[in-house]
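Student: I have a model open and would like to learn how to read it. Where do we begin?

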Amino acid sequence: MTQAGTLGWLAWLETTAAATAMRQSLWLYPIVEILHIIGFVVLVGSAAMFDLRLLGRSRQLPVTGMERHLLPWARASVLLIVPTGGLMFVAHATEFAGNPAFRLKLILLVAAALNAAAFHLRPFRQVAEWDHGARAPLAARFAAGVSLMLWTGVIACGRLLAYF
Amino acid sequence: MRRFAGVGLLLLAVGVSPVAAHHGWSSYDSTKELTLTGTIKEAGYEHPHGHVRLEVPGKVWSVVLAPPTRMEHRGLPASKLRVGARATVVGYPHRSTEDEMRAERITIDGATVELR
């Protein structure tokens, strides 16, 4: 897409009813922010607790049990996070799109998602061998460390985008 | 990882000129306090921060105010932030955007509202 085309599309997003309501309705914006925060607290909290287990904390808890408990909440939280994030984005689409902290946040988000997918496709397949009482393999511990760093980066960028 | 790199490039390619989000007070130079009196040419009672275009002799300033919820709470409803009204703002200039300032307080119709 050309630069003018992208800019036109972003500017159009800002004229939509949702964007106008976000900017002008007194309480919609803060409510959406609160829901976004509740969503990512659940998502990043779930990811962090699972990552810490993979890194060796609470080895008496089965990894599969933790995964069964945490993953559905993490998935459900995305249903709260993405629409609320989208609403905040459209309210100031051109500003966000040009914001370096926002761009980095999206890159880190994609990286975190790919990292989680890679974990599920590789080391997690053999989880039966290290489900409890054992040390997780290096690939799993590596994915956990990367996950903690990426999610920390996502949250930092999300907060800092208001300062750029 | 190729997909990751592709997305990164795509994001960087969205090369729109950023209108700085300018939310933090640190973006403004608090050592240079300004007091401006002028006419409101344009008013936005919008999230995350309200703003006015304030015409003073020889210049039009873009003045960043406070979140609408705070202004409403402190007695500055949207109806008072009207185009054509005279306003005095006290605040600080943006460190890099030449015609932008963030207001510490605003006075309209004789009533002063603290914005921080």
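**Reading a helix and its partners**

Tutor: Begin with one packed helix. In chain A, the buried residues of α7(A) pack against α3 and α6 (100-121). Keep in mind that this is a predicted model.

Student: Which residues of α7(A) are buried?

Tutor: First the general idea. An α-helix has 3.6 residues a turn, so residues three or four places apart point the same way. Now the case here. The buried residues of α7(A) are A140(A), A143(A), A144(A), S147(A), L150(A), W151(A), V154(A) and C157(A).

Student: At what angle do α3(A) and α7(A) pack?

Tutor: Take the angle between the two axes, then their distance. For α3(A) and α7(A) the angle is about 150°, and the axes lie 9 Å apart. That angle makes α3(A) roughly antiparallel to α7(A), because angles over 145 degrees count as such. The crossing of these two helices, α3(A) and α7(A), is left-handed.

Student: Which residues meet between α3(A) and α7(A)?

Tutor: List each side in turn. α3(A) brings V44(A), A47(A), A48(A), D51(A) and L54(A). They meet A140(A), R141(A), A144(A), S147(A), L148(A), W151(A) and I155(A) in α7(A).

Student: What about α3(A) and α4(A): how do they pack?

Tutor: Read that pair the way we read the last one. Helix α3 spans residues 28-54 of chain A, and helix α4 spans residues 63-91 of chain A. Their angle is about 155°, with the axes 8 Å apart. α3(A) and α4(A) are therefore roughly antiparallel to each other. Their crossing, α3(A) over against α4(A), is left-handed. The contact of α3(A) with α4(A) divides into 19 nonpolar, six polar and two charged residues.

Student: Why does P137(A) count as partly exposed?

Tutor: Count C-beta neighbours. P137(A) has 17 inside 10 Å, so it counts as partly exposed. A buried residue would need 20 or more. Next, look past the sequence neighbours. Beyond those within four places, P137(A) is in contact with P123(A) and W130(A). G98(A) is 39 residues from P137(A) along the chain, and their C-alpha atoms are separated by 40 Å.

Student: Step back. What does chain A consist of?

Tutor: Count the elements, then their order. Chain A has seven helices and zero strands. From the N terminus they run α-α-α-α-α-α-α. Its C-alpha trace spans about 55 × 35 × 25 Å along the principal axes. Of its 164 residues, 33% are buried. Among contacts between residues at least 6 apart in sequence, 83% join residues at least 24 apart in chain A.

Student: And which elements make up chain B?

Tutor: Chain B has two helices and six strands. Read from the N terminus, the order in chain B is α-β-β-β-α-β-β-β. Buried residues account for 27% of the 116 residues of chain B. Of the chain B contacts with a separation of 6 or more, 52% are between residues 24 or more positions apart.

Note on methods: Residues numbered from 1 in each chain as written. Chains lettered and ligands numbered in written order. Predicted model: local features only at pLDDT ≥ 70, side-chain atom pairs only at ≥ 80, totals over all residues. Axes fitted to C-alpha atoms, helices over the stretch in contact; angles between N-to-C directions. Helix = DSSP H or I, 4+ residues; strand = E, 2+ residues; numbered from the N terminus. Parallel < 35°, antiparallel > 145°, perpendicular 65-115°, else oblique. Left-handed = near helix turned anticlockwise from the far one by under 90°. Nonpolar A, V, L, I, M, F, W, Y, C, P; charged D, E, K, R; others polar. Buried ≥ 20, exposed ≤ 12 C-beta atoms within 10 Å, placed from the backbone. Contact = placed C-beta atoms within 7 Å.
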